[in-house]
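Subject: Structure handover

Hello,

Here is the structure you will be taking over. Please open it first, then read on for what was found.

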Amino acid sequence: MHVDHLLGPDRLDQEIAGLLGRHRRLDDRRRAVRATAAAELAAALGASVVDAGRLRGALDACGLGGAGAYTVVVAGLTPRGEAGDAAAGLAEALAHLPSAVHAVAEASDGEAIAVVAREPDAGYDVRALLGEAWPLLPARRPGTVPHAGVSGPVDGPERLGAALAMARHALAAARVAGPAAPRVAGLGDLDGLGPLLAGVPADVRDAYRATVLGPLLGAGRGSGAMLLETLRTFLAHDCSWARTAAALHLHVNTVHYRVRRIEALTGRDLSRLDHKADLRAALLCG
């Protein structure tokens, strides 16, 4: 005798609907528990004073405790999307990583933080694997560009704070290097002074620029702008008097005069490598 003869079609439909409903509720509860645990992990990791016990407990609650290696990923959208967009996109991309478990949560600033745990493997590159899936993400939120920064692997929970700082620095570099295109950056992508400075807080960059270039900025609206343009061109042409003069359509003696004026105002000697680096960095901070 068939089951539908015992229960009747309506009763069978009710039983199936009940089973599906219970399954959905159980799945919802599990997702809520995972989300709560991931949020606690992100909060413990981002605290101004890291509590090692709290951090280990949060890792355990996420199923990440006792791993041999951890990597931190920080992701964000430009412009910032709706709440949860960055976390959803990052979770989707991380799902493509083999042999790793992870927890993803949204930070208070709208960025997403993920901790990836796995056993140590010199050939396992989270940054490279994540980069393969990353170009597929823009369709999640049209009009936004996703960027991510990836730390290097660390061997214990006590080093996760440093890994978070590394990932945030790499995220800033990714945004500078490719503002209009999806990009994932790691520490290996910090291959120039610009990407390196991108991760320095804006107020620190502003203070450094004001300290080094302040005398030029205060030299008068016309002369200050003229001297800054000369400095940029002179550095861009490897401090060649002739090429700088040609680029600015000036006589070489005028370039000599302006460079001497720049040196006098800033206290830097443009024949010295370290002083040229100071001025180049200050210009990049603008």
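How far apart are the closest N and O atoms in the salt bridge that E40 forms with R54? They are 2.7 Å apart. A salt bridge here is a side-chain nitrogen of Lys or Arg within 4 Å of a carboxyl oxygen of Asp or Glu. This pair links distant parts of the chain. E40 is in helix α2 (residues 9-46), R54 is in helix α3 (residues 52-61), and they are 14 residues apart. Helices are DSSP runs of H or I, at least four residues, numbered from the N terminus.

Before the rest, two notes on the source. This is a predicted model: local features need pLDDT of at least 70, and side-chain atom pairs count only at pLDDT 80 or more, while totals for chains, interfaces and linings use all residues. Residues are numbered from 1 along each chain as its sequence is written, and side-chain values use heavy atoms, with hydrogens and water left out.

Salt bridges

The whole structure holds nine salt bridges. In the E40 pair, E40 is partly exposed at 32% relative accessibility. R54 is partly exposed too, at 33%. The cut-offs: buried is under 20% relative accessible area, exposed is over 50%, and partly exposed is in between (1.4 Å probe, protein chains only).

R260 and E263 also meet in a salt bridge, 3.0 Å from N to O. Both lie in helix α11 (residues 252-266), three residues apart, about one turn of the helix. An α-helix has 3.6 residues a turn, so residues three or four places apart point the same way. R260 is partly exposed at 45%, whereas E263 is buried at 15%.

R159 bridges to D155, with the closest N and O atoms 3.7 Å apart. R159 is partly exposed at 40%. D155 is exposed at 53%.

Rings

There is one aromatic pair. F234 and W241 form it, tilted, at 5.0 Å centre to centre and 50° between the planes. Rings of Phe, Tyr and Trp (its six-membered ring) pair if their centres lie within 6.5 Å; planes under 30 degrees apart are stacked, over 60 edge-to-face, and the rest tilted. F234 is buried at 2%, while W241 is partly exposed at 24%.

Helix α6

Helix α6 (residues 160-177) has 18 residues. From first C-alpha to last, α6 reaches 25 Å, close to the 26 Å expected at 1.5 Å a residue. That expected span is 1.5 Å times one less than the number of residues. Its buried residues include L160, L164, H169 and L171.

Best wishes

Notes. Helix = DSSP H or I, 4+ residues; strand = E, 2+ residues; numbered from the N terminus.
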